[in-house]
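Hi,

Here is the structure I said I would pass on. Have a look at it first, and then read my notes below.

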2 protein chains.
Amino acid sequence: METLVDALLRGERRALARLLTIVENEREGMNQALTALFPHTGRAWVIGVTGAPGTGKSTLVNALTKAYREVGKTVGIIAVDPTSPYSGGAILGDRIRMRDLSGDSGVFIRSMATRGSLGGLSRATRDAIRVMDAAGFDIILVETVGAGQSEVDIVRTAQTTLVVEAPGLGDDVQAIKAGILEIADVLVVNKADRPGVENTVRGLRAMLELGHPASRSQLVQHHGQLVPVDSRDNSPADPLWLPPIVRTVSTEESGIEELVTAIENHRAYLGNEGVLEVLERQHIEIELVDRLRTALMSRLLNVVPQDAITTLIHQVQTREYTPQEAVSVILKLHDEGLSGQSTISG
Amino acid sequence: METLVDALLRGERRALARLLTIVENEREGMNQALTALFPHTGRAWVIGVTGAPGTGKSTLVNALTKAYREVGKTVGIIAVDPTSPYSGGAILGDRIRMRDLSGDSGVFIRSMATRGSLGGLSRATRDAIRVMDAAGFDIILVETVGAGQSEVDIVRTAQTTLVVEAPGLGDDVQAIKAGILEIADVLVVNKADRPGVENTVRGLRAMLELGHPASRSQLVQHHGQLVPVDSRDNSPADPLWLPPIVRTVSTEESGIEELVTAIENHRAYLGNEGVLEVLERQHIEIELVDRLRTALMSRLLNVVPQDAITTLIHQVQTREYTPQEAVSVILKLHDEGLSGQSTISG
């Protein structure tokens, strides 16, 4: 494992691919590798790219990648597909992209599918970002298809989040925007050569002006504390990030320069007043909570006999116990089992 | 609280509304109420309705509701909006529906938004279904906007799941289908008067024939065990549910009768060979795991001092500890704290 990590740090692509596979599938040696990598992380800029289906996220990611390559930056791409819990729906988009960017050693692309649980995907995405980060990529683009909690989770690993919209999507799209706007650091109206683009931009602007609850990036450092900023009650001394709206036609690579500038502006903003450090701490806290949840649960399943759980499930089914009562019984068994053991290692 | 539950069981709408609010917001008395309700649950048929944005799920739910009302069945509707983690995006659809179905005492509609965590939404949805179930509704329709893990979670509370498609949605839709098809018991092609409907149906049929990994409903009872059925290696003696494709134009209430029949067929199928009992046990198991996860975590946060966690977060930020190491330390503090206490109640 040590040599694999060394090879990664030397920039060997095969080591990168193998470590990503280890991390995605939670293979043996994963924790050892991540521990060895960890001191070499924290240098890449992680950009989340999300939005409803049909907005052209993949071509946008391609165009952004090319733009960063032109100024000599290396780019890692992680395409996460939370819409495909069982089969590899991410593969297709990956192939299209491959054709476009293949042969450039400054680009590395990896697709990831859900494999059963969203929690598992967050963990795998986070660790895959670390592997790419340690491998020395300047920019890591994390693209996610779909809409909902999945974005919110994945965004929690990014420093800058792009929310992509496009003119002329279905009637439910408005509902999606309401939730997703609040995680946007930069709003991208892609396919901006299509009819209806003015309406889309106007709609987004109106929603921004409505003053949604402060987003992650609209937190400001205030007397050493990170506080949410309500844009309607905002002291002029506070730095405040208002998501800009950038129009792009990613198939023609138009508007991409403006988008790169918007991302750089956001990066500069985060660098101010310790906002980035606070954001990092929040990311770490979320990660620790995720990991603790998983660790606690797998320990419980080790300690409490499966038979007891099966019996309780049956008793809930026959309405003998409520689910809450069954949980109390399991917790009691867990505590008794735990105190019966001499030492417990996490 | 007792009188509130009694009033619910007597069919009082105000008690129903109040209990739904208690359950949605985890207000005081929730567990007590749910315990009192629990013996009166398990009688409603719960139908999940999901699909990509723009497929017309809300009008379909309306049309289905009217069809059930015509045959004298009472209908509870829970509209879950996992795309709106912060603000109430579900409200709009709710109002439209209200106008359409209001004044009918055999219908009750409730919208729910995410409020921060998807896990919380699953819990709240599950408990809201129980409240409506105890209130005596024959049919409970659980509608969810969006695509991804959220559906999968919400579907885990339903007996029959409808996945709604529509012709002519964006280019990413294919990717969504791949994941969502596997949770479908009935496939609905809504807006079937639109151009491209033949393509949509053909595409769905092709994907079904591809033989995706066995879905939840494609599990069969086999020598007392529930086993997945690979449709390509399927003994003829096994009962097997293949999701039918039903075309509807919900705005004109066309195809709804066929849809109701498809749902009844699925219900009859589940009634066979103990499949429904196995499905129920799976639902309970998932619920217990969810609740245990929450209980374990909130107990940990009570036992481990916040200071210690804050220090560890800082040490991860400075790369002194890896996240895994920090988790080990916290688990150790948790176990020491737990064994230091005399009795612990879940």
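Two residues are in contact here if their C-beta atoms, placed from the backbone, lie within 7 Å. Keep in mind too that this is a predicted model.

Now for chain A as a whole. You can find 13 helices and 9 strands in it. Of its 346 residues, 48% are buried. If you take the contacts in chain A with a separation of 6 or more, 72% of them are between residues 24 or more positions apart.

You'll find A:Phe137 in the loop between α6 (118-134) and β4 (139-144) of chain A. Is A:Phe137 buried or exposed? A residue needs 20 or more other C-beta atoms within 10 Å to be called buried, and A:Phe137 has 26, so it counts as buried. Leaving out neighbours within four places in sequence, A:Phe137 is in contact with A:Ala44, A:Thr74, A:Val75, A:Gly76, A:Phe108 and A:Met132. A:Arg202 is another story: it sits 65 residues along the chain from A:Phe137, and their C-alpha atoms are separated by 36 Å.

Next, some helix pairs. Two packed helices are described by the angle between their axes and the distance between the axes.

In chain B, look at α4 (residues 57-70) and α10 (residues 256-271). Their axes come within 10 Å and cross at roughly 75°, so α4(B) and α10(B) are roughly perpendicular to each other. From α4(B), the contact uses B:Ala63, B:Leu64 and B:Ala67, while α10(B) brings B:Ile256, B:Glu257, B:Leu259 and B:Val260. That contact has 6 nonpolar, no polar and 1 charged residues.

Also in chain B, α12 (residues 306-317) and α13 (residues 323-340) have axes that come within 9 Å and cross at roughly 165°. That makes α12(B) roughly antiparallel to α13(B). The crossing of α12(B) and α13(B) is right-handed. Which residues make the contact between α12(B) and α13(B)? On α12(B) they are B:Ala308, B:Ile309, B:Leu312, B:Gln315 and B:Val316, and on α13(B) they are B:Pro323, B:Ala326, B:Val329, B:Ile330 and B:Leu333. By class, this contact of α12(B) with α13(B) has 9 nonpolar, 1 polar and no charged residues.

While you are there, check B:Arg319, which lies in the loop between α12 and α13 of chain B. B:Arg319 has a positive phi of about 65° although it is not a glycine. With 12 other C-beta atoms within 10 Å, B:Arg319 is exposed. B:Lys191 isn't a glycine either, and its phi is positive at about 55°. Its place is the loop between β6 (186-189) and α9 (197-209) of chain B. B:Lys191 is buried, with 24 other C-beta atoms within 10 Å.

The axes of α12 (residues 306-317) of chain A and α11 (residues 275-303) of chain B come within 9 Å and cross at roughly 110°, so α12(A) and α11(B) are roughly perpendicular. This crossing of α12(A) and α11(B) is right-handed. A:Ile313, A:Val316 and A:Gln317 in α12(A) meet B:Glu280, B:Arg281, B:Ile284, B:Glu285 and B:Leu288 in α11(B). Those residues divide into 4 nonpolar, 1 polar and 3 charged.

Finally, B:Ser122 lies in helix α6 (residues 118-134) of chain B. B:Ser122 counts as buried, with 21 C-beta neighbours inside 10 Å. Apart from neighbours within four places in sequence, B:Ser122 is in contact with B:Asp153, B:Ile154 and B:Asp290. The C-alpha atoms of B:Ser122 and B:Thr157, 35 residues apart along the chain, are separated by 8.5 Å.

Cheers

Technical notes: Residues numbered from 1 in each chain as written. Chains lettered and ligands numbered in written order. Predicted model: local features only at pLDDT ≥ 70, side-chain atom pairs only at ≥ 80, totals over all residues. Helix = DSSP H or I, 4+ residues; strand = E, 2+ residues; numbered from the N terminus. Axes fitted to C-alpha atoms, helices over the stretch in contact; angles between N-to-C directions. Parallel < 35°, antiparallel > 145°, perpendicular 65-115°, else oblique. Nonpolar A, V, L, I, M, F, W, Y, C, P; charged D, E, K, R; others polar. Left-handed = near helix turned anticlockwise from the far one by under 90°.
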